[in-house]
Each structure stands twice: as structure tokens, then as C-alpha cells.
Amino acid sequence: METPGPPELGKERFDGNPRISVARPIPSCWIGPFCFTEVGKRNPDGSVQPEKRAMTLHDKFGRQITDLRISITDRCNFRCVYCRSADPENYRDHDEILSWPELDRLAHIFLGLGIRKIRITGGEPLVRSGVEDYIARLHALGVEDLSMTTNGHLLAERCKRLMEAGLRRINISLDSLDPAKFERITRTKSFDTVMHGIDVAQKTRLAPAKVNAVLVRGLNDDEVEAFAEFARERGVIMRFIEFMPLDADRTWTRNLVVPAAEVYQRIHARWPLVQIPHERSETARKYRFADGAPGEIGLIAPVTQPFCGHCSRIRLTADGKLRTCLFSKEDHDLRGLLREGATDADVTTYIRSVVDEKEEGHRINAPDFVPPSRTMVFIGG
Ligand code: SAM
Ligand code: SF4
């Protein structure tokens with residue numbers, strides 16, 4: 001755990017020059033005597049037997065990879081301006097998307113490699129039917145920290161079942177507290193439905209929900225204080241995310257980014273904040289209100305204060321590509337391996353070789369930065 005000071009603009013700016021290389025599958029005959037972990041064995045109290053979790057996944061910079069974000073669909077019922085285009089986008093055909101059995105198999109392999117946290121995302125994960133059953137199977141496999149990111153549109157009706165299936169935490173996107181602005185941002189009229197979803201989640205064991213707002217200069221940055229007030233009133237964890245160059249319309253410019261340091265200063269001036277310790281690999285700097293009000297503030301600053309040095313995350317896209325960074329220039333085809341008949345040992349070795357080459361950092365701040373060809377909705381946030 002560490003307790004760094006409040007965000008200071010540019011303090012942790014990343015100027016690295018990572019080497020990027022393509023990892024290739026390694027034939028199974030190269031595999032040494034790996035001791036595969038057994039997953040899914042539980043003690044009588046439901047906890048997973050720790051001695052069964054010997055294997056770990058590391059990259060060449062020594063970072064341990066424990067978090068996997070699984071995008072289960074590239075489809076979405078919203079068209080947020082900072083993510084998708086207004087124009088129709090070509091979804092992948094159904095047979096290009098990993099089937100549930102393929103997702104089950106990969107989850108088992110990743111758990112054997114020491115993955116402890118899984119976040120289900122998309123696109124919009126709740127538009128794919130069967131997600132509750134998948135969560136139940138992940139829970140049965142022994143995933144310690146099982147969470148989901150959703151736009152909240154379908155949450156109210158699905159929340160109970162998700163929780164019963166074993167979901168432990170939920171992030172809900174909400175980019176404006178003004179219904180008209182919410183409509184402009186998401187290109188939907190779902191404001192009331194999403195607010196209802198947040199209320200329902202807050203009455204369950206998923207509380208406190210994390211509410212995610214992507215701030216875009218000139219669009220919703222006037223609502224920082226209103227969002228903080230929302231956190232205090234509802235007892236939610238209000239998280240402000242810097243806009244990243246992952247939008248389909250390629251409108252991102254540095255001028256549109258609202259630095260986390262500014263958000264901190266504005267909220268702190270109105271309601272003094274006290275920092276909460278966080279895990280080194282966590283993306284958010286976390287704060288509570290000094291006056292004891294409920295709710296928390298989280299600041300996520302991938303642009304102005306990159307946290308790549310402690311990154312513990314990898315991503316699996318809906319079409320079965322492994323991505324070692326949001327901004328990876330290339331992804332790595334696990335679906336192909338599965339469908340060509342690779343054994344679990346082959347897949348494990350391939351994952352290890354790919355993760356070994358995880359990028360040192362995202363290079364958004366490098367002069368020659370070029371955004372990845374895949375945008376957020378196709379990667380999974
Ligand atoms: N549809 C779900 C949702 O919106 O919560 C899950 C998928 S979405 C891609 C995951 C997260 O990525 C959301 O919190 C969303 O706000 C965030 N996001 C999307 N595009 C982004 C961008 N260009 N910059 C920063 N965050 C972005
Ligand atoms: Fe859909 Fe989420 Fe992207 Fe909005 S941010 S368009 S809800 S995937």
C-alpha cells in the first residue's frame with residue numbers, strides 16, 4: 001500500500017520509450033515441467049485454497065499481472081461521444097466472438113496463471129445474454145474479485161441475479177447529472193433508467209457502487225462539484241476519468257482532457273478531501289470527505305499522471321485477442337489458438353510469452369504517439 005500526495009499535474013509524467021515486439025506462440029514441446037494450479041477448490045467456508053495458487057504471471061519489467069478485463073461483447077446500446085461514433089459501426093459476426101465455452105476455458109487458464117481479479121466489460125456487457133451464468137461459473141472457479149463495468153441501462157432488472165451469481169463490485173458509467181446533457185453524451189434517453197439502476201445497486205451488497213464519469217472539457221467539466229455532491233448524497237464512489245485518445249471519431253485532443261489535479265483542487269476547495277491509501281496497481285487515487293460525509297472520490301489520470309509503472313492489467317477482447325495495454329499497437333490471437341486445437345499448455349505458454357512483452361507504458365505523452373486502431377468499445381474498458 002502507498003499513500004502518495006494529492007495529484008500534481010505532470011509530476012509522474014511518463015517519458016519512457018518502450019520496446020514493442022510481437023510474441024509468437026511457443027510449441028508445446030518447449031514447455032517445461034509447469035506445475036499448473038488447481039482452480040475452483042474451495043474450503044468449507046467458501047474461500048479458495050491459497051496453496052493451490054502457486055503460478056504467477058510477470059512481464060519483463062517485473063510487474064505481476066493479476067487483473068484481467070474480459071470484454072464479452074463489442075455491442076452496445078449507447079453511443080457515448082467519447083467512445084463510439086454516431087455512424088453505424090460494424091459489429092463482429094457472432095461466430096467471431098468468443099463463445100461461452102471458449103470464455104470458460106480461457107478463464108480457467110488465466111486463473112491457473114495467477115489472475116485474481118476479473119472485470120467483465122464490453123461494449124455493454126449486459127446486452128449479451130448469459131452473462132449472469134458466466135459470472136456464476138467464474139465465481140465457482142474461485143475468482144477472488146469479480147466485478148463489472150456497465151452503462152447501467154439494464155442494471156435495475158439484472159442487479160439481483162448478478163449479485164446472486166457472485167458479482168462483488170460494480171462500476172456504472174454516468175457522465176452527466178443533467179438529463180439533456182446525458183442525452184447529448186450517450187445519444188440515448190436513458191438517464192432515468194440509469195439513475196434507477198444506481199439506486200437499485202446501492203440497496204444491495206454491491207454498494208457502494210463506483211460511478212464513472214469521463215470528463216471532457218467544455219462538455220461536462222462544469223459538473224465536477226455537482227458530481228461530488230452526488231457522491232455525498234448517495235454514498236457512491238464518484239470516479240473522474242481523464243478522456244483518453246480511444247474515441248471512434250478521433251476527436252481527442254489534449255485540450256479536451258480535464259486534469260485530475262484540477263478536479264482535486266475544485267472539490268477540495270469546497271469539501272476538503274482526505275487521501276485513502278490505495279494498492280500500488282490501482283488506477284484511482286482515492287479520497288474521502290474530511291467532514292465525514294458519505295461517499296468517496298476517485299481520480300483516474302492516465303493522461304496527466306500515468307500509472308503504467310505499477311500496471312497489473314491485461315485485457316481479452318470479445319473476439320479473443322489478448323491486449324497487454326489499452327494502447328497496444330497489436331493484439332494477440334487466443335481465439336485462433338483455441339480454434340486450431342491448441343492444448344491448455346500451448347495457450348498458457350503463449351500467454352506467458354505475450355505478457356512478457358507487455359509495453360512499459362502507453363506513450364500518450366510521447367511526441368510520436370499514434371492512437372491504437374481499436375477504439376474503446378472494441379477493447380473493453
Ligand atoms: N459500456 C460499459 C460502460 O460504459 O460502462 C462498459 C464498457 S466502457 C468501454 C468502459 C469504461 O470506459 C467506461 O467507464 C467508459 O466511460 C470508459 N471510456 C470509454 N471511452 C473512453 C475514453 N475515450 N476515455 C476514457 N474513458 C473511456
Ligand atoms: Fe457503450 Fe460504454 Fe462506450 Fe458508452 S462508454 S458507448 S456505454 S461501451
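Predicted model: local features only at pLDDT ≥ 70, side-chain atom pairs only at ≥ 80, totals over all residues.
User: Why is R250 counted as exposed?

Analyst: R250 has 11 C-beta neighbours inside 10 Å. A residue is exposed if 12 or fewer other C-beta atoms lie within 10 Å of its own, so R250 counts as exposed. R250 is found in the loop between strand 6 (237-242) and helix 7 (260-270).

User: What makes R363 count as buried or exposed?

Analyst: The count for R363 is 22 C-beta neighbours inside 10 Å. The cut-off for a buried residue is 20 or more, and R363 therefore counts as buried. The loop between helix 9 (344-356) and helix 10 (376-379) holds R363.

User: What is the phi of R250, and what is that of R363?

Analyst: Phi of R250 is near 55 degrees, a positive value in a residue other than glycine. Phi of R363 is near 65 degrees, also positive in a residue other than glycine. Most residues other than glycine have a negative phi.

User: How do you know whether the peptide bond from A207 to P208 is cis or trans?

Analyst: The omega of this bond is near 0 degrees, and the bond from A207 to P208 is cis. Most peptide bonds are trans. P208 has its place in the loop between helix 5 (191-202) and strand 5 (210-215).

User: Why is strand 1 described as largely enclosed?

Analyst: Five of the five residues of strand 1 (residues 67-71) are buried, so the strand is largely enclosed by the rest of the structure. Both of its faces are covered: D67, R69 and S71 are buried on one side, and L68 and I70 are buried on the other.

User: Which strands pair with strand 1, and in what sense?

Analyst: Strand 1 is joined to strand 2 (residues 117-121) by five bridges, and these two strands run parallel. Within that pairing, L68 has I118 as its bridge partner. Strand 1 also pairs with strand 10 (residues 313-316) in the parallel sense, over four bridges; there, I70 is partnered by L316.

User: What makes strand 7 and strand 12 edge strands?

Analyst: The open sheet has 12 strands in the order 7-8-9-6-5-4-3-2-1-10-11-12, with mixed pairing. Strand 7 (273-276) and strand 12 (332-333) are the edge strands, as each pairs on one side only. An antiparallel pairing is that of strand 8 (residues 284-289) with strand 9 (residues 296-300), joined by five bridges; K286 has G298 as its bridge partner in strand 9.

User: Why are helix 1 and helix 2 called roughly parallel?

Analyst: Helix 1 (residues 100-112) and helix 2 (residues 131-141) pack at an angle of about 25 degrees, with their axes 11 Å apart. Angles under 35 degrees count as roughly parallel, so helix 1 is roughly parallel to helix 2. Their crossing is right-handed.

Terms used
Residues numbered from 1 in each chain as written. Chains lettered and ligands numbered in written order. Pairing = 2+ DSSP bridges. Axes fitted to C-alpha atoms, helices over the stretch in contact; angles between N-to-C directions. Parallel < 35°, antiparallel > 145°, perpendicular 65-115°, else oblique. Left-handed = near helix turned anticlockwise from the far one by under 90°.
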